[in-house]
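User: Please take me through this structure and set each label against the definition behind it.

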Amino acid sequence: RGRNTSIPNLRRTSHSTARPAVGCMRAASRVVPACTAAALASVSSTATTATRGSVAMATSADELEMIPGVRRLAETKRVWLLDQFGVLHDGVTAYPGAVDAARRLHESGAKLYVISNSSRRSTNTLQKLAPMGFDPSWFSGVVTSGEVTHQMLASRGKGSTSDGEESDSDDEFWASLGKKCVHFTWSTRGAIPLDGLDLETVTDPDEADFLLAHGTEAVNGAGTDDEQRAAGCVDTSLEDMRKVLERAAARNLPLIVANPDIVTVGGDAGLLPMPGTLARWYAEMANHGAVRLMGKPDRIIYDRVLEMTGLEDTPEEAIAVGDSLEHDVAGANEAGVESVFVCGGIHAKELGMRRVASAAEVGDGSGVAPPDREKVLEAAEDHDCEPDYAVPVFVW
């Protein structure tokens, strides 16, 4: 399934329909739509036009299948692209049913890959899942938006990151990005290291070449190494971050978004704002610069994981599982990958389910009632995407 997207009133860098060669990543840009204050409570819809081949279409009521678990799909789908937050765990604790499902999929011979809008690099992802009950040996690979961001920043100005004439502008973008940035990062969740990227962080957008968004808790201190940055790192409210964005927009600075999620599950804390919130705010400001999403729903992260799986030319053989219609499902649609929408994640309230439940409440999933199918169809239409299947939670 192909999917083309267009966002009214905002420039979007076009990207080639051909997939890059193995080992290359296309730095295709996806410009995000405007944000409303409600984005902290629910994911806003994205204005897009879906296509299957060349025929425009809306979400098909005939195609969405409500299923209790993934057991039947495991008979035909051998490559699984699994989101983390809201699918495998609640941000703190694993869903017991998800641990069981991952184990059974692995035992069935399926290959599991984590594809996550995490600000952090891929390296330690499986090590963090292990204490939750997931055996790292069950997984064949990991791609995070933080990893894609790191690699693109590290390779800027060092030659082409993509192939094809239509990607020349992307290479030029990265090569001309500069090295001075205002860095939005995490505080209580742990700051994102930048050493080795030849970056200088500044706290004044008037001194910056671009903005870099890894988190929504703090503005990193000025410096050329992580020790200097940590010394000046300041916890910063979202509203104060908005003020920084406004000043940056006046200078037309580009914004690199290492985690495009608007919100994520946070255990008993409920939904937490993510850097995608900053991207949406920035995109609605007058004179804003280019906004680059380095993870779902952009093709850049799907291209990367499909290269890893060897399914660059046959993406329909894979299936993606996620709880965000705007990111997981829409991204899978555009990449030509089938999708399983997990209803009990960030959209739970929107679908009339009780709320975004913690792992303790979900348990093995048997007590989680599915939402009304019509509500799922309405939500998919609102977010202009097309899930193939929907489950209450990720279980076998």
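User: Where is Pro297 found, and what joins Lys296 and Pro297?

Analyst: Pro297 is found in the loop between strand 15 (291–293) and helix 8 (299–309). A cis peptide bond joins Lys296 and Pro297, with omega about 15°. This is a predicted model, in which local features need pLDDT of at least 70 and side-chain atom pairs count only at pLDDT 80 or more, while totals for chains, interfaces and linings use all residues. Residues are numbered from 1 along each chain as its sequence is written, and side-chain values use heavy atoms, with hydrogens and water left out. Helices (H or I, at least four residues) and strands (E, at least two) are DSSP runs, numbered from the N terminus.

User: What makes the contact of Lys296 and Asp83 a salt bridge?

Analyst: The term requires a side-chain nitrogen of Lys or Arg within 4 Å of a carboxyl oxygen of Asp or Glu. The side chains of Lys296 and Asp83 meet at 3.0 Å, N to O, so the contact qualifies as a salt bridge. Lys296 lies in the loop between strand 15 and helix 8 and Asp83 in the loop between strand 4 and helix 1 (96–107), so the pair ties together parts that are 213 residues apart in sequence.

User: Which residue of helix 9 also meets Lys296?

Analyst: The side chain of Asp328 meets that of Lys296 in a salt bridge of 2.6 Å, N to O. Asp328 lies in helix 9 (residues 325–335) and Lys296 in the loop between strand 15 and helix 8, so this pair ties together parts 32 residues apart in sequence. Both Lys296 and Asp328 are buried, and Asp83 is buried as well.

User: Why is Arg229 called buried and Asp195 partly exposed?

Analyst: Buried means under 20% relative accessible area, exposed over 50%, and partly exposed in between (1.4 Å probe, protein chains only). Arg229 has a relative accessible area of 1%, and is therefore buried. Asp195, at 42% relative accessibility, falls in between and so counts as partly exposed. The side chains of these residues, Arg229 and Asp195, meet in a salt bridge (3.3 Å, N to O).

User: What is the relative accessible area of Glu374, and where is its place?

Analyst: Glu374 has a relative accessible area of 44%, and is therefore partly exposed. The place of Glu374 is in helix 11 (residues 373–382).
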